[in-house]
Amino acid sequence: LNSESDKHLFTSPRTTQSYLESLESLKQLTDKADILSALERISELTAQEAQMDTIEGTTRQREQGIYYTSFKLAQFLVDDAVRRSSKSQPTFLEPCVGGGAFLFAFIENQMDKANPNEFDLLSVFSRCFIADNDELAVHRLLETLSIYVQARFGLKVEFPSDNVLVGDSLLEQVNDSFTLRNLKQYFNAPSGFDIIVTNPPYKS
């Protein structure tokens, strides 16, 4: 998702001016509360765009079941899940990552317990696994994540590409049939995932 051929994803007609402006403003922020508010705004804009985009007579939101999760709610759920976990450094899976509210909440939770240095952030990233079948959403999330970690922690650390699945996290096609996708195998995580938090897509 970082190649020259993928740049059209970020500069497609669906990318709103407000979204780009929010990303630029995020680069300038240093206060934690301001940074988290900016993340909330970026997620809102992504959800709003899904409401406006049309696919075969319906909205992309309805077609793909895209619904926004507030960052405050994500923080509450993630913090509770971490408290309930028996692991001091749990692994984390978000199988329908979308705008990344749960991912950002998990990073905030784990980095609060660590020093804001590159080693600790790489350790947290190594325990995070994300998936989504919306390629544009994943591209935007990784772009936002890169800017966020630089603004929030003063670090330039890339999220590991091996921990990202662009595709259906539930099913995969094998020849002419579908089978359940084995995420433990895909992510080379034989012990599974300690925490799984998501707002799954649903259609109405």
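Leaving out neighbours within four places in sequence, Gln-89 is in contact with Gln-110, Ser-123, Arg-127 and Asp-194, where contact means heavy atoms within 4.5 Å. Gln-89 sits in the loop between H5 and strand E3 (92-94), helices (H or I, at least four residues) and strands (E, at least two) being DSSP runs numbered from the N terminus. With a relative accessibility of 49%, Gln-89 counts as partly exposed, a class that lies between buried (under 20% relative accessible area) and exposed (over 50%), as found with a 1.4 Å probe on protein chains only.

The structure is a predicted model, in which local features need pLDDT of at least 70 and side-chain atom pairs count only at pLDDT 80 or more, whereas totals for chains, interfaces and linings use all residues. Residues are numbered from 1 along each chain as its sequence is written, and side-chain values use heavy atoms, with hydrogens and water left out.

Seen as a whole, the protein chain has nine helices and eight strands, and 47% of its 204 residues are buried. Among contacts between residues at least 6 apart in sequence, 70% join residues at least 24 apart.

The interior can be followed through its nonpolar cores, a core being a set of buried Ala, Val, Leu, Ile, Met, Phe, Trp, Tyr and Cys residues joined through side-chain atoms within 4.5 Å. The largest of them has 44 residues, of which Leu-103, Ile-107, Leu-145, Tyr-148 and Phe-159 touch the most other members. At least two residues of this core are supplied by each of H2, helix H3 (32-52), helix H5 (71-84), helix H6 (101-111), helix H7 (118-126), strand E4 (128-132) and H8, and the largest share, nine residues, comes from H8. A second, separate core has eight residues, among them Leu-93, Ala-131, Leu-165 and Leu-183.

Which residues does Ile-107 contact, leaving aside its neighbours within four places in sequence? They are Leu-121, Val-124, Phe-125, Leu-145, Tyr-148 and Phe-153.

The packing of the helices comes next. Two packed helices are described by the angle between their axes and the distance between the axes; here the axes are lines fitted to C-alpha atoms, for helices over the stretch in contact, and angles run from 0 to 180 degrees between N-to-C directions. The axes of H6 and H7 come within 10 Å and cross at roughly 135 degrees, which makes H6 oblique to H7, since angles under 35 degrees count as roughly parallel, over 145 as roughly antiparallel, 65 to 115 as roughly perpendicular and the rest as oblique. Their crossing is right-handed, a term used when the near helix is turned clockwise from the far one by less than a right angle, with anticlockwise giving a left-handed crossing. Phe-106, Ile-107, Gln-110 and Met-111 of H6 make this contact with Asp-120, Leu-121, Val-124 and Phe-125 of H7.

H6 also packs with H8, at an angle of about 25 degrees and with the axes 12 Å apart, and that angle makes H6 roughly parallel to H8. In this right-handed crossing, Leu-103, Phe-104, Ile-107, Glu-108 and Met-111 in H6 meet Leu-141, Thr-144, Leu-145, Tyr-148, Arg-152 and Phe-153 in H8.

Helix H2 (residues 17-28) is packed with helix H8 (residues 135-153) at an angle of about 25 degrees, their axes being 8 Å apart, and H2 is therefore roughly parallel to H8. From H2 the contact takes Tyr-19, Leu-23, Leu-26 and Lys-27, and from H8 it takes Arg-140, Glu-143, Thr-144, Ile-147, Tyr-148 and Ala-151.

Some loop residues complete the picture. Most residues other than glycine have a negative phi. Asn-175, however, has a positive phi near 60 degrees; Asn-175 lies in the loop between strand E6 (171-174) and strand E7 (177-180) and is exposed, with a relative accessible area of 72%. Asn-188, also not a glycine, has a positive phi of about 55 degrees, and its place is the loop between helix H9 (183-186) and strand E8 (195-196).

Ala-189 and Thr-91 are 98 residues apart in sequence and 9.3 Å apart in space, C-alpha to C-alpha.
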